[in-house]
Amino acid sequence: MKAHHTESKIAAADLLDNIRGLHPNLQFCGEPRNAILRISDDLLRYVLSLLNDNNPIHVPRATIEEWFELLRILESHWITPLLYRQLGGLSDEFRPPKPVVDRMRTIFQWSRTRCFHMERQLREIVAAFNEAEVEVLTLKGPALGRTVYPDPALRPSSDLDLLVRPDQMVSSREILENLGYKCEARLFDAEEILYKDEKFVHLNNPRVYRAIELHWRLHHWLGIQQDTRTEELFDRAINVESPSLNFKALGPVDAVIHTAINNAFGHDDAIRLIWIYDIKMLALKLAVPNDWKLLQKRCVEWRARRAVELSLEMARAWMGLRLPQNFADYSTWPQPADIEINTWQKVVHRQHRFLSIIRLRMPPCSGNLERLRLFARLVFPLRDKVCRDFPPPHALLFPLSYVRRWWHWLKTA
């Protein structure tokens, strides 16, 4: 009881401070940024008690307006369906007011409907790839929903992320185009070495069919050479089977590292709580000690040793994750390579931030001419790409998209 009382006194800001030493500029999503830290400590502790597998705490006193403001903030964190499920079976003293629970139920039902449509879309895509004998891996939300969550509706997703082998990228694009999707910018043809994915939208029904990100590699934007190759991810892939859907996904260790890199680098300025919960659920699926030993080894090969540590620490601080004995002390883990340490310092401490943006997006080059060519392409990307990322007010005003792109870099520097 005493330990629980001490833990309940932890303030919202203290939770973030626990990981500031690893990543001082990390922020959570919401309007405004870090909005999750602006709710009362009592409400935040209540939410986290539903997520960290401890005994639930009594419902804090709050007005109905405060409860609905909490739901508004949590909407961008994608965890409301999960919270609603956690309420099942709890007595009234552990449940929010009925109007709040009713609203959570509506969000859960909406998530289930969206999950149904997304899985139907994925089933159609996987069938087309299988017929063409092209191997494809499903990434992120849809994969995690079927591998580490008890119900895929608990893991909302905004789009579909797929991975194919680089030498099958053109064939994969044709498969999607035959299914009615349009590639927004053919980046693979223009600069395979500079980019890592292409985006597709469905021409006839973009409201029901989610956008697709088709990857031929992961995390190449860091500009550092990784020892892990895309082909190895397919060799270690797992088969995911259910009565309604079968597909291939990253192996458990690779999934942890992939998620950790997204948290630390790809979305460090707008973290969602569901991504931290992903790490917790993935970590709980790792076999002790074999998978944890593989994680220690591979995260160094991926140049993601710091990213994995950060993500595990977030899951410990926010979700109550307990690391297995003999793996909780990071000083006993293999140390990151020098190139990762240098990259980490530039990204998380924002040293010479604008120059770092350029350097971190430049892949390893064979010489000065190659470096100059790729630099020019980085500053002046394909028109389709820049207009997709920064839409101009009119097609003839597309140069404004480049200006907006450069301004965005300056603002984040």
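The paragraphs below treat these topics in turn.

This is a predicted model, in which local features need pLDDT of at least 70 and side-chain atom pairs count only at pLDDT 80 or more, while totals for chains, interfaces and linings use all residues. Residues are numbered from 1 along each chain as its sequence is written, and side-chain values use heavy atoms, with hydrogens and water left out.

Rolling a probe the size of a water molecule over the atoms shows where empty space is left. A cavity is a set of points, on a 1 Å grid over the protein atoms alone, where a 1.4 Å probe fits but cannot get out; its lining residues have an atom within 4 Å of a point. A volume is the space filled by probe spheres set on the points, which are joined across faces, edges and corners. Three cavities of 30 Å³ or more are found.

The largest cavity has a volume of about 140 Å³. Of the 13 residues that line it, C115, M118, P152, R155 and S157 are the closest to its centre. Helix α6 provides the largest share of this lining, six residues. (Helices are DSSP runs of H or I with at least four residues, and strands are runs of E with at least two, numbered from the N terminus.) The second largest cavity has a volume of about 50 Å³, and α4 gives the most to its lining, with four residues.

Helix α13, residues 290-301, has 12 residues and reaches 17 Å from its first C-alpha to its last, close to the 16 Å expected; the expected span is 1.5 Å times one less than the number of residues. Among its buried residues are W292, L295 and V300, where buried means under 20% relative accessible area, exposed over 50% and partly exposed in between, with a 1.4 Å probe and protein chains only. Just after α13, R303 takes a positive phi of about 60 degrees.

The whole structure holds 26 salt bridges, each a side-chain nitrogen of Lys or Arg within 4 Å of a carboxyl oxygen of Asp or Glu. One of them joins R155 and D278 at 2.8 Å, N to O. R155 lies in the loop between α7 and β2 and D278 in helix α12, so the pair ties together parts that are 123 residues apart in sequence. Both R155 and D278 are buried.

Another salt bridge joins D389 and K385 at 3.1 Å, N to O. These residues are four apart in helix α18, and therefore separated by about one helical turn. D389 counts as partly exposed at 31% relative accessibility, whereas K385 counts as buried at 11%. Salt bridges that share partners join E184, K385, R388 and D389 into one network.

Definitions and conventions:
On a 1 Å grid over the protein atoms alone, a cavity is a set of points where a 1.4 Å probe fits but cannot get out, and a pocket is an open set with protein on both sides within 12 Å along at least five of seven lines; lining residues have an atom within 4 Å of a point.
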